Amino acid sequence: MLGFQPYETFQLLVENGGIERTNTLLIAACDAYARRGKPTPVELDQFEALASRLFPAAGPQARAKGAAILGKADLLSPALERLVTAHIGDDLEAFLEAVPALSEDTILEIIADGDVGAAAILAGRDDLSNAALAKLFGLNSRKVYRALAANPAIVPRGAYLSALARSAQMDHVVAQTLAKREDFDAGLLAPAFFDLSDDDRIKVIQSFANRPTPLAPIKKTIEQISVANQELTRALMKLFSENRRPEVTRLLSQITGLDEVRCGQIAHDVTGASLFVILRAFGCSAYEGLKVLIHATSHDSDRSRALGDFATLFSTVPADAMAYLMSAWRGEVNLLELNKPQYQPQSQRRLLSTSQSSAVNGAVESAARLGIKRAS
């Protein structure tokens, strides 16, 4: 077989040659098989039978070396895969990254073994069956979920979407990864809003544009506060222009019901994204809101573009949607409700296109003409 002596001679050598001879035979046989290219069915069957006898009889180091060599073969049957994964030791993860194909049985066995590192590598493969995915999603491991979130072959829908959304609430790396995916509803990342990059926060807000949302519990709080928009924006403008952000924190805490830690994050967010959520939730228009944002933000050369973006969002994002986002920050809503057909986002939109409407441009220009010192 494969250029060696007849198969019966190998069997006799295994039985009578001692462990040293067995070690030598195992490594030689694995090397010959790996060099063979694609074996015939008869050769594959014969090598499976031989390898099944050699691996248990050889020493630990020889088994690991033989498995590493065998793992580089062009064709591995499920039985040979299991021999490799069972004996390759510390090189298991490298094998799983390099092997072009794995049988479902082998994948399920590796997952069942509880090796988190190996499972995480499997979670990044593009040939996973539904059974394998179900087992991977059932693992309580951040490392595995980070790999699942980054795997473009996994379509986030149904139970997989729910699991990824829940994981994003607990792991900022998962949230940041999902925010980069075009096929993931960014609205589900609302609880992780403050863990995201500036651009991804805008992406979360964009996902609520022209989108109906369930009734937000915080809406009642907003309705009960007898604060006119003009009074609110005037107070915020004054505080931001004087860089009195601790007082902004206290004011936001009083009118939103959010805890002071969260309000502190909003007050010190110089990108303006989280402050936009508050302003829009209270029904501020582009003209009113931009007068505040122009004081609160620090955009330098990107200032005009950023204000234009916010102006667009004021005109496309409903106030009720931002109230819903605020309720998500407080943990008062089940975000998975957004998966219901009546709350699904509309077809792909370009909210931040360079061609702003005349009304939006007018709002930007009006705010810019205020000429008041911008907060640092």
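Helix α11 (residues 158–170) contains 13 residues and spans 19 Å from its first C-alpha to its last, close to the 18 Å expected at 1.5 Å a residue. The expected span is 1.5 Å times one less than the number of residues. Helices are DSSP runs (H or I, at least four residues), numbered from the N terminus. The model is predicted, so local features need pLDDT of at least 70, side-chain atom pairs count only at pLDDT 80 or more, and totals for chains, interfaces and linings use all residues. Residues are numbered from 1 along each chain as its sequence is written, and side-chain values use heavy atoms, without hydrogens and water.

The buried residues of α11 are Tyr160, Leu161, Ser162, Ala163, Leu164, Ala165, Ser167 and Ala168. Buried means under 20% relative accessible area, exposed over 50%, and partly exposed in between (1.4 Å probe, protein chains only). These residues pack against α9 (130–137), α10 (142–150) and α12 (172–179).

Lys135 lies in helix α9. Lys135 counts as exposed because its relative accessibility is 52%. Beyond its neighbours within four places in sequence, Lys135 is in contact (heavy atoms within 4.5 Å) with Leu108 and Ile111. Lys135 and Ile111 are 24 residues apart in sequence, yet 7.2 Å apart C-alpha to C-alpha.

Cys30 is buried, at 1% relative accessibility. Cys263 is also buried, at 0%. The count of disulfides (cysteine sulfur atoms within 2.5 Å) is zero.

Mean pLDDT, the predictor's confidence in each residue from 0 to 100, is 85, and 84% of the residues score at least 70. Residues 1–7 stay under 50, with 17 contacts beyond four places in sequence. Residues 347–360 also stay under 50, with 20 such contacts.

Terms used
Helices (H or I, at least four residues) and strands (E, at least two) are DSSP runs, numbered from the N terminus.
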